Amino acid sequence: MYQLLKQIFKTGIKTESPPQPDETMRVQPQRLQEEILRVLDSALNIRHVDAGSCNGCELEIHAVNNAYYNIEGMGIKFVASPRHADMLLVTGPVSRHMVTALKRTFDATPEPKLVVAIGDCACDGGIFSPDGGGESYASCGRVANVIPVGVAVSGCPPTPTAILQGILTAISTRK
Amino acid sequence: MPITHPNLHLTKLAGAIHAWSGEIKHDDLQPICQNVQDGGGRLVALWGSDARPVGAASAANSNRQQAGSYEKISQEQSGFMLHIALVNEKGLICLSVPLPAEQPIYPDISRIFPVANRMQRAAYDLLGIYAHEGHDHRKWLRHGAWHGGSFPLRKDFDAVLSRTDEPGAYPFVSVEGQGVHEIAVGPVHAGIIEPGHFRFSVVGEKTLRLEERFGYTHKGIEKRFESMSLQQGAKLAGRVSGDSTVAYAWAYAMAAEGIAAVTPPDRTLWLRALFLERERIANHLGDLGYLGNDVALTFGFAQFWILKEQVLRNNAALFGHRYLMDRIIPGGVTMDLAESGQRTLFEECAMLEREVRVLRGIYEEHAGVQDRFIGAGRVEPKLAARLGLCGLAGRASSQAWDARVQFPCAPYDKLDVQMATYRNGDVAARVIVRFDELFESLRLQREILANLAHGDILSAPLEKLPAHGFGVGMVEGWRGEVLVAIHTDAQGKLARVHPHDPSWQNWPVLEHAVVGNIVPDFPLINKSFNLSYSGQDL
């Protein structure tokens with residue numbers, strides 16, 4: 001126990017200040033009222049859905065939870081069920097085998113729901129889809145082909161800072 | 001020669017890996033597999049290819065019902081090819097079996113190598129080649145997105161005509177008896193993980209049986225390769241399983257360089273090994289953090305992920321990408337390391353060794369942690385050997401295979417890698433192997449930095465490959481052996497690329513590891529393997 005406490009004390013606080021929202025990531029106008037956004041701003045629940053990614057984006061979503069980015073310190077947390085969520089964080093090109101699961105997850109999320117697409121594949125189909133956003137026998141391409149997307153964060157994978165920025169943009173009060 | 005058999009004529013493949021290839025008749029498939037298995041060898045990968053002459057490929061769609069007697073066919077008339085990669089202590093043995101276009105059937109080998117089961121089913125789903133007399137013919141990678149009688153990897157596959165939305169029903173094996181009930185989990189899980197379905201049959205809290213159902217992230221990677229140039233293919237290979245991007249990119253480059261008979265400059269190879277060890281370090285740090293988290297020691301998660309973040313940030317600063325994606329290309333690497341960078345990495349090594357030693361002490365002395373780790377998810381060495389458990393999880397169950405040790409390609413031939421093995425086969429053993437490998441990788445990183453050869457990092461980048469070539473690359477990634485096979489066509493383009501993830505071997509073993517454990521221990525046991533969904537779904 002002594003070692004553990006000593007290590008915590010020695011490590012100190014690593015958390016860095018969060019990035020500002022970036023309006024260029026917005027693909028759909030903000031449709032929520034300011035008061036709701038103010039509520040979400042202090043306690044946002046996110047459900048992550050991997051709709052067919054290579055797991056690269058998942059690595060960075062994990063990293064958002066580390067002490068440097070400390071997403072929970074901002075009152076934002078990942079939850080186990082879409083029924084508890086305000087926001088869906090969707091990665092990957094949507095594989096045809098995940099279409100039903102993604103739609104059901106979306107339907108199970110209570111209104112008002114926000115959708116943030118994470119990574120190049122979620123934005124435009126990425127390397128797995130022929131000719132940008134294109135479909136194939138196994139993939140439906142970008143997430144917006146299956147459910148409405150509010151904010152899209154590009155990158156392969158996007159950095160934790162960019163992911164945070166995308167999440168904060170989705171709940172920012174600026175239109 | 002790695003194996004001898006009267007009907008087997010092997011030729012050594014060019015390239016970095018100790019590999020041989022040969023063509024056999026399908027009647028010889030089972031005896032040769034048995035021969036390798038008797039000698040302690042394993043099946044690494046199984047895939048198929050469409051070798052029908054262009055234009056004459058249409059008649060053979062869906063005729064598995066007619067599977068009857070084997071017809072003798074000569075090489076010129078061949079329609080499809082079955083390929084298997086076997087490994088024994090001498091090296092990698094790649095065998096091809098020509099199959100007739102009208103009746104592409106081959107003798108089942110899943111009785112010899114149980115691990116072949118899912119690979120055979122996937123080969124049928126994607127190419128329509130069929131394991132005769134196999135005992136399990138349920139679909140594997142196909143759900144309901146394309147018709148059962150159409151096969152995506154056939155050259156005459158029509159993506160539009162084969163579209164369907166039939167429900168992906170799957171006959172799970174059910175367990176019956178008093179008090180038995182099922183828990184269905186997924187494809188969308190409770191954490192930040194990839195999608196897959198787990199069907200638990202339980203009594204009370206105790207797991208009687210687990211059955212996995214995957215293929216949810218099947219996004220057509222293998223088909224996608226066929227429309228790509230060699231360079232584009234390198235990027236795609238690095239995204240088969242994002243957490244193993246270095247291992248895949250290196251295996252792909254190794255296969256391509258083998259076909260072209262090109263050896264990249266020395267410095268390139270040393271840098272590749274540096275990248276591979278850094279990938280291992282980052283993933284082991286992350287897993288050790290999550291394993292702490294899963295037994296309610298969030299301290300472990302916080303501490304290990306601080307260390308992992310520092311490794312990732314050094315990657316970004318020195319090599320331009322946090323996970324080193326696209327740093328390895330056929331012919332070389334795209335980023336060099338400056339001398340100042342070398343100093344940064346030496347300092348990082350010292351810091352990590354110091355910190356991880358403290359954290360290991362805390363994990364080992366924490367009664368609550370050890371109580372959850374010890375005995376959970378045990379895979380006995382005998383079962384591990386029978387099922388072909390490989391990589392990190394294999395080494396935690398006495399399966400002493402590590403490509404860096406047994407088949408060291410440059411620069412590992414100069415590094416004398418110490419293999420970490422343990423025999424308990426439980427979560428605790430997989431944690432110990434991770435710690436040991438982490439320290440070994442840090443030692444290797446120092447060695448690599450100290451011996452980094454001077455010179456170019458890129459020979460002429462490989463633009464094109466010779467026609468009708470076959471090459472294979474195998475790299476010991478952090479999870480286990482990653483294999484990439486490349487076949488080129490008459491123009492030297494990518495005719496068929498097969499990436500193979502060690503998760504194919506290890507997922508079925510997880511089904512056994514959880515039996516008798518309580519359901520709440522599943523996340524912990526699962527994490528201790530940390531297998532890839534994307535890597536096996538393709």
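Helices (H or I, at least four residues) and strands (E, at least two) are DSSP runs, and they are numbered from the N terminus. This is a predicted model, in which local features need pLDDT of at least 70 and side-chain atom pairs count only at pLDDT 80 or more, while totals for chains, interfaces and linings use all residues. Residues are numbered from 1 along each chain as its sequence is written, and chains are lettered from A and ligands numbered from 1 in the order in which they are written.

**Stop 1**

Start by selecting B:Pro411, in the loop between helix H12 (403-406) and H13 of chain B. The peptide bond that joins B:Ala410 to B:Pro411 is cis, with omega about 5 degrees. Now move over to A:Pro112, in the loop between H4 and strand E4 (114-118) of chain A. The bond from A:Glu111 to A:Pro112 is also cis, with omega near -5 degrees.

**Stop 2: two positive phi angles**

Go back to chain B and pick B:Ser398, in the loop between helix H11 (391-395) and H12. This residue is not a glycine, yet its phi is positive, about 70 degrees. Is B:Ser398 buried or partly exposed? Burial is a matter of counting: a residue is buried if 20 or more other C-beta atoms, placed from the backbone, lie within 10 Å of its own, exposed if 12 or fewer, and partly exposed in between. B:Ser398 has 19 C-beta neighbours inside 10 Å, so it counts as partly exposed.

Next, select B:His468, in the loop between H13 and E13 of chain B. Here phi is near 50 degrees, again positive in a residue other than glycine. B:His468 counts as partly exposed because it has 13 C-beta neighbours inside 10 Å.

**Stop 3: a sheet of three strands**

Select E13, E14 and E15 of chain B, which form an open sheet in that order with antiparallel pairing. (Two strands pair if DSSP finds at least two bridges between them.) The edges are strand E13 (470-476) and strand E15 (494-500), each pairing on one side only. From one strand to the next, the twist averages 10 degrees; such angles run from 0 to 180 degrees between N-to-C directions, along axes that are lines fitted to C-alpha atoms, for helices over the stretch in contact.

Zoom in on strand E14 (residues 481-488), which six bridges join to E15(B). B:Ile486 stands opposite B:Val497, and B:His487 stands opposite B:Arg496. E14(B) and E15(B) make a hairpin with five residues between them, and in the turn B:Gly492 has a positive phi of about 85 degrees. Seven of the seven residues of E15(B) are buried, so this strand is largely enclosed by the rest of the structure.

**Stop 4: a second sheet**

Select E8, E9 and E10 of chain B: this open sheet has the order E8-E9-E10, with antiparallel pairing. Strand E8 (180-185) and strand E10 (206-213) are at the edges with a single partner strand each, so one side of each has no neighbour in the sheet. E8(B) pairs with strand E9 (residues 197-203) over six bridges. Highlight B:Ala184 to find its bridge partner in E9(B), B:Arg199.

**Stop 5: a pair of helices**

Show helix H13 (residues 427-451) and helix H15 (residues 522-529) of chain B, which pack at an angle of about 35 degrees with axes 9 Å apart. At this meeting, B:Val427, B:Arg430 and B:Val431 of H13(B) touch B:Leu524, B:Ile525 and B:Ser528 of H15(B). Contact here requires C-beta atoms, placed from the backbone, within 7 Å.

**Stop 6**

Colour chain B by its domain assignment: domain 1 (11-132) and domain 2 (221-537). These bounds come from an automatic or database domain assignment. The domain centres, taken over C-alpha atoms, are 28 Å apart. Their contact takes 26 residues from domain 1 and 27 residues from domain 2.

Finally, select B:Val472, one of the residues with the most contacts inside the largest nonpolar core, which has 214 residues. (A nonpolar core is a set of buried Ala, Val, Leu, Ile, Met, Phe, Trp, Tyr and Cys residues joined through C-beta atoms within 7 Å.) Leaving aside neighbours within four places in sequence, the contacts of B:Val472 include B:Leu13, B:Ile17, B:Ala255 and B:Leu483.

How values were computed
Contact = placed C-beta atoms within 7 Å.
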